[in-house]
Amino acid sequence: MSNETLQAVRGMNDILPDEAELWLWFEEVARDWLHSYGYRNIRMPLVEPTALFKRAIGEVTDIVEKEMYSFADALNGDLLTLRPEGTASCVRAVLQHNLLYNAPQRLYYSGPMFRHERPQKGRYRQFHQFGVEALGFAGPDIDVEQIVMCARLWNKLGLRDVALQLNTLGDSDARQRHRAKLIAYFEQHADLLDAEAQRRLHSNPLRIMDSKNPAMQEMISAAPRLMEELEDGALQHFEQVQAMLKYHDVPFEINPRLVRGLDYYNRTVFEWVTTRLGAQGTICAGGRYDGLVGQIGGKAAPATGFAMGVERLLALLQDDGMVLPKQEVDVYVVHNGDLAVRLASRVAEQLRDSDFKVLLHCGGGSFKSQMKKADASGARVALVIGDDEAQTNEVSVKPMQGGEQERVSVRNLIETVNKFIK
Ligand code: ATP
Ligand code: MG
């Protein structure tokens with residue numbers, strides 16, 4: 001057997017305790033925020049049949065073509081995939097359990113997603129999203145609610161420098177017409193298309209609009225616009241979204257090249273972007289996907305949603321200089337002696353009954369070395385218990401920020417600790 005140290009899989013990160021505190025804080029803020037809009041939590045498996053993502057996301061997309069962790073179940077050969085995103089699973093779960101039968105649903109989930117990409121800052125192979133889906137609402141009111149709620153979260157988090165980009169992808173007839181014009185246009189400029197664009201020319205020309213290849217940018221900018229094909233319904237929808245955003249004072253920029261990386265979108269699409277994370281500037285993306293429920297096999301229902309990348313959001317917060325107060329300890333319990341150890345663990349439990357955060361010293365050592373640990377823990381108060389104290393059922397209470405140590409009966413302990421902590 002080799003002795004070399006094992007490492008985590010490339011692009012999959014450990015989140016160590018100092019950083020995990022930021023995650024916990026963020027998750028709590030996010031949950032409160034979601035609940036304030038009436039969204040309810042749903043939890044789906046991390047593994048789904050590969051067919052789900054092929055059908056939902058689209059065969060000719062970056063995710064399905066090259067980013068999925070797919071494998072055959074070694075026991076029965078089933079084709080499975082680690083989820084690259086949550087919308088497909090969420091819609092699958094809603095249909096499987098008939099949640100849309102009676103009423104529309106506002107749902108959210110959070111957790112790891114998996115994509116086999118080239119790891120770099122803000123781009124990992126296991127990353128985390130908060131995903132939000134509203135199923136059964138035709139909009140545009142709900143589209144606006146979702147965008148406004150994002151703005152509220154950025155505000156709550158104190159995030160600076162995030163801008164909203166907005167576009168509409170219209171409905172299917174307009175998209176068909178636009179598609180034909182796009183193919184014709186790209187064929188005229190076939191000499192400028194890179195290999196990927198050539199491959200997608202007939203299968204998914206809209207995706208070419210999304211290309212980051214610098215050599216194609218100018219040609220793409222002059223491509224036919226979907227906006228010109230929009231029909232009345234989609235146009236009105238888009239105008240109402242814009243009017244309501246203005247009413248809510250949420251600034252936006254219309255970006256006709258915003259087509260999103262997944263096939264299931266129609267009408268409203270949006271991204272929240274920052275210039276501060278290099279090329280990985282999109283922290284949140286989403287839009288309307290009225291076709292997906294039907295595509296997955298349900299009775300057609302309108303839907304809209306978005307997902308935030310937690311790593312990118314937290315990187316932005318850290319870039320803003322955000323530091324959290326360290327997780328606090330109220331009381332550190334120091335003890336020495338056979339009788340003392342028993343009393344020490346009993347009073348520690350008693351303090352926890354009264355909601356104090358307590359570190360009970362473990363591992364022995366002199367009073368002096370234990371007091372050093374008490375100091376380092378940041379506790380406001382140390383309890384000092386020797387056999388001497390234990391015999392009379394007393395403890396010494398020492399305020400760590402200066403002040404006289406007091407020896408009190410266990411009965412009066414809570415009162416004394418409270419006095420020092422307040
Ligand atoms: P990109 O264009 O950056 O690849 P995307 O369009 O593939 O993003 P979505 O599928 O819309 O991303 O996912 C929503 C959000 O999840 C993104 O805006 C981003 O914040 C985050 N995200 C996506 N892929 C990754 C990744 N590999 N690592 C970290 N975060 C990611
Ligand atoms: Mg991507």
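**Notebook: a look around the model**

I start with a term: helices (H or I, at least four residues) and strands (E, at least two) are DSSP runs, numbered from the N terminus. I am working on a predicted model, where local features need pLDDT of at least 70, side-chain atom pairs count only at pLDDT 80 or more, and totals for chains, interfaces and linings use all residues. Residues are numbered from 1 along each chain as its sequence is written, chains are lettered from A and ligands numbered from 1 in the order in which they are written, and side-chain values use heavy atoms, with hydrogens and water left out.

**Entry 1: the ligand**

I first looked up what surrounds ligand 1, and found 17 residues. A residue counts as near a molecule or strand if one of its heavy atoms lies within 4 Å of it. R115, E117, R123, R260 and T282 are the closest.

Which strands supply at least two residues of this shell each? I noted β6 (126-135), β10 (282-288) and β11 (303-309). The largest share, 4 residues, belongs to β10.

Next I sorted the shell by class and got 7 nonpolar, 4 polar and 6 charged residues. Here Ala, Val, Leu, Ile, Met, Phe, Trp, Tyr, Cys and Pro count as nonpolar, Asp, Glu, Lys and Arg as charged, and the others, Gly among them, as polar.

Then I checked atom distances. E117 has a polar side-chain atom 2.6 Å from a nitrogen atom of ligand 1. For R123, a polar side-chain atom sits 2.8 Å from an oxygen atom of the ligand, and for R312 the distance to an oxygen atom is 3.2 Å. Taken alone, ligand 1 exposes 590 Å², and the protein buries 90% of that; such areas come from the Shrake-Rupley method with a 1.4 Å probe.

**Entry 2: two helices**

I turned to α2 (residues 50-57) and α4 (residues 87-96), whose axes come within 9 Å and cross at roughly 105°. Axes are lines fitted to C-alpha atoms, for helices over the stretch in contact, and angles run from 0 to 180 degrees between N-to-C directions. The two helices are therefore roughly perpendicular to each other, a label for angles of 65 to 115 degrees.

Contact means heavy atoms within 4.5 Å. By that rule, L52, F53 and A56 of α2 meet A88, S89 and R92 of α4. I counted 4 nonpolar, 1 polar and 1 charged among these residues.

**Entry 3: backbone and a loop**

I found a cis peptide bond between G139 and P140, with omega about 5°. P140 lies in the loop between β6 and α5 (141-157).

R267 is not a glycine, yet its phi is positive, about 45°. I placed R267 in strand β9 (residues 266-273).

Last, I looked up N255, in the loop between β8 (253-254) and β9. Leaving out residues up to four places away in sequence, N255 touches Q165, L166 and N167.

Technical notes. A polar contact is a pair of N or O atoms within 3.5 Å; within protein, one must be able to donate a hydrogen and the other to accept it, and residues adjacent in sequence count only if both atoms are side-chain atoms. Angles under 35 degrees count as roughly parallel, over 145 as roughly antiparallel, 65 to 115 as roughly perpendicular and the rest as oblique.
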